Amino acid sequence: MKYRTIVADPPWGYEGFTPPWRSSVAPPYPLMTLGEIKALPVQELADRDCHLYLWTVLPMVEAAYECVREWGFKPSTLLTWCKRGPGLGGGWRGNTEHVIVARRGSAPFLSSFAGPGTWHVASRGGVHSQKPDLFMDLIETASPSPRLELFARRNRFGWGVRFEAPRDVDLSFLVPAILAPDTEGEER
């Protein structure tokens, strides 16, 4: 199946960064290198006319733009999500996350969409790295289906999910061999 809207929130490995940007506490999921993220099969999952929403954090913005282009998309807008309270980082405390909005082909935004602007306030509640419901609601208003969320923290009605939820389904066939679990000696 090809998707006309893809939301991706990869587990950035923060290559080259140390605390306070990269936490000294182990995350609840495995991190990926920039090379592994770029190798994700986004081009194969995307329709020729597709919207991409790629989540990133301040130290990874440049790498995120590299991923967008590697996946065959052209960046068009940057959304900013402000979190109340101090964030991570030395000097300036990063309490924002960003979403690169990009397009491939001639994927227009839905005619009924009159976006609320490019910045939003988000709560820190929920599962680690779970995105605000408001964000997903806006995507459904702005971008066409079928829709796919990569690295979802939970299922959402009407969306395809790859690489996390549901946790009981083996999706390793979608991941390049470099990312596949160690299955040496097992039949595939």
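Ile6 stands opposite Leu148 in strand S6. The two strands, S1 and S6, pair in the parallel sense over 4 bridges. Strands count as paired if DSSP finds at least two bridges between them. The model is predicted: local features need pLDDT of at least 70, side-chain atom pairs count only at pLDDT 80 or more, and totals for chains, interfaces and linings use all residues. Residues are numbered from 1 along each chain as its sequence is written, and side-chain values use heavy atoms, with hydrogens and water left out.

## Layout of the chain

The chain holds 4 helices and 7 strands. Helices (H or I, at least four residues) and strands (E, at least two) are DSSP runs, numbered from the N terminus. Read from the N terminus, the order is β-α-α-β-α-β-β-β-α-β-β. Of the 188 residues, 45% are buried. Buried means under 20% relative accessible area, exposed means over 50%, and partly exposed lies in between (1.4 Å probe, protein chains only).

The chain exposes about 10400 Å², and carbon and sulfur atoms supply 54% of it. These areas come from the Shrake-Rupley method with a 1.4 Å probe; for residues, only the protein chains shown count as cover. Among contacts with a separation of 6 or more, 68% are between residues 24 or more positions apart. Contact means heavy atoms within 4.5 Å.

## The sheet

The 7 strands form an open sheet in the order S5-S3-S4-S2-S1-S6-S7, with mixed pairing. Strand S5 (119-122) and strand S7 (159-162) are the edge strands, and each pairs on one side only. The twist averages 20 degrees from one strand to the next. Strands of a sheet pair through backbone hydrogen bonds, either parallel or antiparallel.

Arg147 stands opposite Trp159 in S7.

H3 touches S2, S3 and S4, and its direction makes about 170 degrees with that of S2. Helix H4 (residues 133-142) touches S1, S2, S3, S4, S5, S6 and S7; its direction makes about 160 degrees with that of S2. Axes are lines fitted to C-alpha atoms, for helices over the stretch in contact, and angles run from 0 to 180 degrees between N-to-C directions.

## The cores

The largest nonpolar core has 29 residues, and Ile6, Trp12, Leu40, Leu54, Trp71, Phe73 and Leu150 touch the most other members. Such a core is a set of buried Ala, Val, Leu, Ile, Met, Phe, Trp, Tyr and Cys residues joined through side-chain atoms within 4.5 Å. Elements giving two or more residues to this core include strand S1 (3-8), helix H1 (34-38), helix H3 (61-70) and strand S6 (147-150). S2 gives the largest share, 5 residues. A second, separate core of 14 residues includes Val7, Met136, Leu138 and Ile139.

## Salt bridges

The count comes to 4 salt bridges. Each is a side-chain nitrogen of Lys or Arg within 4 Å of a carboxyl oxygen of Asp or Glu. The table gives some of them.

| Pair | N to O distance |
|---|---|
| Lys38 and Glu66 | 2.9 Å |
| Arg156 and Asp137 | 2.4 Å |
| Arg156 and Glu140 | 2.9 Å |

Lys38 lies in helix H1 and Glu66 in helix H3, so this pair ties together parts that are 28 residues apart in sequence. Lys38 is partly exposed, with a relative accessible area of 24%. Glu66 is partly exposed too, at 33%.

Asp137, Glu140 and Arg156 are linked in a network of salt bridges. Arg156 lies in the loop between S6 and S7 and Asp137 in helix H4, so their bridge ties together parts that are 19 residues apart in sequence. Glu140 also lies in helix H4, so its bridge to Arg156 ties together parts that are 16 residues apart. Arg156 is buried, with a relative accessible area of 16%.
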